[in-house]
Amino acid sequence: MKTDIMKLVESKNLKKVIPHFEVGDSVNVHCKIVEGDKERVQVFSGTVIARRGSGISETFTVRRIVAGEGVERVFQLHSPGIVDVKATRSGKTRRAKLYYLRQKTGKAVKLAQKYSEHAAEKTAATKA
Amino acid sequence: MAMLLGKKVGMTQVYNQAGKLLPVTVIQAGPCPVLQVKSKETDGYNAVQMGFDDIKKSRAIQSAEGHAKKANTAAKRFIREMRLAESEQTQYKPGDAITVSVFAENNFVDVVGVSKGKGFQGCMKRHKFAGMPNSHGTERKHRSPGSIAGYGTDRGHGGDIKKGKRMAGHMGHARITSKNHMVVSVDAENNLLVVKGSVPGPQGSFVVVRSARMG
């Protein structure tokens with residue numbers, strides 16, 4: 001149980017708008033990178049294989065294959081370093097955690113596309 | 001030197017300006033009314049006594065109530081003193097409230113609290129002993145401390161085990177000073193102090209926050 005005081009302290013760091021994406025979605029994560037005094041945005045794209053935690057400590061894991069090697073990055077959802085998360089395609093999943101993808105290679109890694117209501121909404125939103 | 005009394009609320013995480021996630025403890029601290037100012041002439045030393053957390057009037061004993069009345073406040077559950085230098089004596093009068101504004105961001109503080117009680121614990125948990133092997137013929141003494149004394153020790157010490165020999169026993173519920181916590185933020189409006197790292201004691205326990213004695 002979180003007290004009101006804890007919520008108050010956390011609320012200062014919580015993002016007001018959280019981009020909508022789900023486990024199984026293909027996403028582009030826009031992260032801020034600071035080089036010296038310069039700042040730029042780098043995009044990491046892959047499949048969301050897990051979301052865990054709640055509130056300020058919520059994280060999500062994105063997996064992609066780079067040059068035949070699996071790469072996973074864990075992002076903090078509320079981090080100011082994460083500028084945006086854009087879902088490009090939603091995948092059909094029957095689990096909350098897609099850790100089984102680590103054992104798969106090649107074509108097997110691809111999830112079947114999901115054409116649910118929210119997925120349609122999203123594609124419409126990204127096109128608009 | 002600044003000191004404040006408070007209550008541990010709990011732990012969470014916050015982002016600093018660089019966007020790095022820090023583990024922090026939230027402390028509900030003050031305002032602490034000054035109950036008494038002690039001076040060398042009357043008490044033998046210079047100090048300021050402050051209190052925190054009101055006791056309900058029906059539950060307070062009269063002596064505590066009377067003591068607090070001099071500072072025009074209610075009886076307090078948690079009372080501690082801060083030693084003062086002679087010159088600081090005039091800064092405080094009974095009834096003044098000490099608030100979180102005595103600390104600022106990026107200050108370093110020590111936090112004193114009473115650690116969580118662990119009950120009677122073995123030497124492995126209590127003193128980080130290595131224990132005995134799990135196999136190779138070890139029987140019934142996998143978590144035992146091993147030998148606690150030998151003939152040589154006995155001879156020099158009148159047949160006694162050396163004083164202070166680390167053994168199993170009661171662990172926790174001891175006064176612990178956790179040093180050099182960075183103050184991440186100060187919320188004067190809500191009397192909150194957010195310090196980096198973990199602080200001794202369970203949630204809701206009383207703590208003393210004071211300026212760090214560096215080094």
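Residues are numbered from 1 along each chain as its sequence is written, while chains are lettered from A and ligands numbered from 1 in the order in which they are written. As the model is predicted, local features need pLDDT of at least 70 and side-chain atom pairs count only at pLDDT 80 or more, with totals for chains, interfaces and linings using all residues; side-chain values use heavy atoms, leaving out hydrogens and water.

Let us start with chain A. Its secondary structure comes to 2 helices and 5 strands, where helices (H or I, at least four residues) and strands (E, at least two) are DSSP runs numbered from the N terminus. Read from that end, the elements follow the order α-β-β-β-β-β-α. Of the 128 residues in chain A, 33% are buried; here buried means under 20% relative accessible area, exposed means over 50%, and partly exposed lies in between (1.4 Å probe, protein chains only). Contacts are counted when heavy atoms come within 4.5 Å. Among the contacts in chain A with a separation of 6 or more, 51% join residues 24 or more positions apart.

A pair of rings is described by the distance of the centres and the angle of the planes. Rings of Phe, Tyr and Trp (its six-membered ring) pair if their centres lie within 6.5 Å, and planes under 30 degrees apart count as stacked, over 60 as edge-to-face and the rest as tilted. Over all chains, the structure holds 5 aromatic pairs. In one of them, the ring centres of A:F21 and A:F60 are 4.8 Å apart with the planes at 65°, so this pair is edge-to-face. The pair links distant parts of the chain, 39 residues apart: A:F21 is in the loop between α1 (4-11) and β1 (26-35) of chain A, and A:F60 is in strand β3 (residues 59-66) of chain A. A:F21 is buried at 2% relative accessible area, and A:F60 is buried at 0%. Together with A:F44 and A:F75, A:F21 and A:F60 form one aromatic cluster.

A charge sits over a ring if NZ of Lys or CZ of Arg is within 6 Å of the ring centre and within 35 degrees of the ring normal. A:R51 lies over the face of A:F21, 4.4 Å from the ring centre, and the charged end of A:R73 sits over the ring of A:F44, 5.4 Å from its centre.

A:S45 is partly exposed, with a relative accessible area of 25%. Not counting residues up to four places away in sequence, A:S45 touches A:V27, A:N28, A:V62 and A:R64.

Now turn to chain B. An automatic or database domain assignment gives the bounds, dividing the chain into domain 1 (1-31 + 100-117 + 167-215) and domain 2 (32-98). Their C-alpha centres lie 22 Å apart, and 15 residues of domain 1 are in contact with 14 residues of domain 2. Buried area is the accessible area (1.4 Å probe) that two parts lose on being put together, summed over both. Between these two domains it is about 1,200 Å², with carbon and sulfur atoms giving 78%. On the domain 1 side, B:M3, B:L5 and B:F206 lose the most area to domain 2, together 53% of what that side buries.

Of its 28 residues, B:L5, B:I27 and B:L193 touch the most other members. Both domains of chain B give residues to this core, so it lies between them.

Finally, consider where the chains meet. About 1,200 Å² is buried between the chains, 67% of it on carbon and sulfur atoms. B:T12, B:Q13 and B:Y15 supply 44% of the area that chain B buries against chain A, more than any other three residues.

Notes: Core = buried A, V, L, I, M, F, W, Y, C linked by side-chain atoms within 4.5 Å.
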